[in-house]
Amino acid sequence: MKEPILKIDDVSKVFGGLRAVDRVTFEVNQGEIVGLIGPNGAGKTTLFNVISGYYAPTEGTITFQGRDISGLPPYRLAREGIGRTFQIVKPFVGLTVLENVVIASFLKYPRMADAEVNAERILEFTGLIEKKDESAQGLTLAGRKRLEISKAMALEPTLLLLDEVVAGLNPTEADKTIELILKVRDQGVTILIVEHIMRVIMNISDQVVVLNYGQKIAEGKPDEVAKNPTVIEAYLGESQA
Ligand SMILES: Nc1ncnc2c1ncn2[C@@H]1O[C@H](COP(=O)(O)OP(=O)(O)O)[C@@H](O)[C@H]1O
Ligand SMILES: [Mg+2]
């Protein structure tokens, strides 16, 4: 039977007068990939920031593995097994690819030697091992996004939140990143992925949740959501897709 690992229950995040996330409810089943989509400004990143503890929800409850985690800070959630990437990739300046992942490994492996072993193992897995001694800043956008995934994987998450890791990549790079995401899923990691580009999400998600103006306007299997008139209308409302 499918078990929800994450429950978002009536969650809102208000900035001043703006309801960036407005009473959103959905569940993420263990081992699945759930896609969170919606036009620019729909509230996707804000919801990620609430789930990963960067903001406390203004209202509502977030339950992870049966435990209420609403309002816990990011480092606590990282320890609980929630890893995330950032839409704006920011590698540690002046450090190599390996050093970036070593730092991310310290939470799980406080001893330097263990952190290094873990970091090398992660870089093998994410396909960045050949670039381990290069400056992180010098990587291409695709490389930096892959490094973000590596840093999140260094926490050995059970739930991984991916924010626009495919956006901005060329088709070949996009395919390779999608392959990596599926490989992470095959390791048993549950994935909640935000992507502005619907096409990417449709190919890899078990379930899709659509936000618009902070509200959930649809959810279901990718093919159902893709032909939902409300969803089509929300996307037609914006100039770039
Ligand atoms: N820290 C903030 N303070 C005020 N408004 C914000 C903040 N972060 C996001 N917003 C607003 O919340 C809405 C949702 O933004 P965001 O979550 O970034 O959307 P998405 O990731 O779907 O493009 C937007 O109107 C945005 O301007
Ligand atoms: Mg965003």
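This is a predicted model: local features need pLDDT of at least 70, side-chain atom pairs count only at pLDDT 80 or more; totals for chains, interfaces and linings use all residues.

## Conventions

Helices (H or I, at least four residues) and strands (E, at least two) are DSSP runs, numbered from the N terminus.

Residues are numbered from 1 along each chain as its sequence is written, and chains are lettered from A and ligands numbered from 1 in the order in which they are written.

## The chain as a whole

The chain's secondary structure comes to nine helices and ten strands, and its C-alpha atoms fill a box of roughly 50 × 40 × 40 Å along the principal axes. A compact globule of 241 residues would have a radius of gyration near 18 Å, and the 17 Å of the chain agrees with that; the radius is taken over C-alpha atoms, and the globule rule is 2.2 Å times the number of residues to the power 0.38.

A residue is called buried if 20 or more other C-beta atoms, placed from the backbone, lie within 10 Å of its own, exposed if 12 or fewer do, and partly exposed in between. Of the 241 residues, 42% count as buried. Two residues are in contact if their C-beta atoms, placed from the backbone, lie within 7 Å, and among contacts between residues at least 6 apart in sequence, 64% join residues at least 24 apart.

Strands pair if DSSP finds at least two bridges between them. An open sheet of six strands, with mixed pairing, has the order E6-E7-E8-E3-E9-E10. Strand E6 (82-84) and strand E10 (215-220) stand at the edges with a single partner strand each, so one side of each is left without a neighbour in the sheet.

Strand E3 (33-37) is mostly covered, with five of its five residues buried: Ile 33, Gly 35 and Ile 37 point one way, and Val 34 and Leu 36 the other way. E3 pairs with E8 in the parallel sense over four bridges, where Ile 33 stands opposite Ile 191. Four bridges also join E3 to strand E9 (residues 207-212), again in parallel, and there Val 34 has Gln 207 as its bridge partner.

The residues around ligand 1, counted when their C-beta atom, placed from the backbone, lies within 6 Å of it, include Phe 15, Leu 18, Asn 40, Lys 44, Thr 45 and Thr 46. Strand E2 (18-29) and helix H1 (44-51) each supply at least two residues of this shell, and the largest share, three residues, comes from H1.

## An exposed loop residue

Thr 140 lies in the loop between helix H4 (112-126) and helix H5 (141-153). Thr 140 is exposed, with 12 other C-beta atoms within 10 Å. From C-alpha to C-alpha, Thr 140 and Leu 169 are 9.7 Å apart in space, although 29 residues apart in sequence.

How values were computed: Axes are lines fitted to C-alpha atoms, for helices over the stretch in contact, and angles run from 0 to 180 degrees between N-to-C directions.
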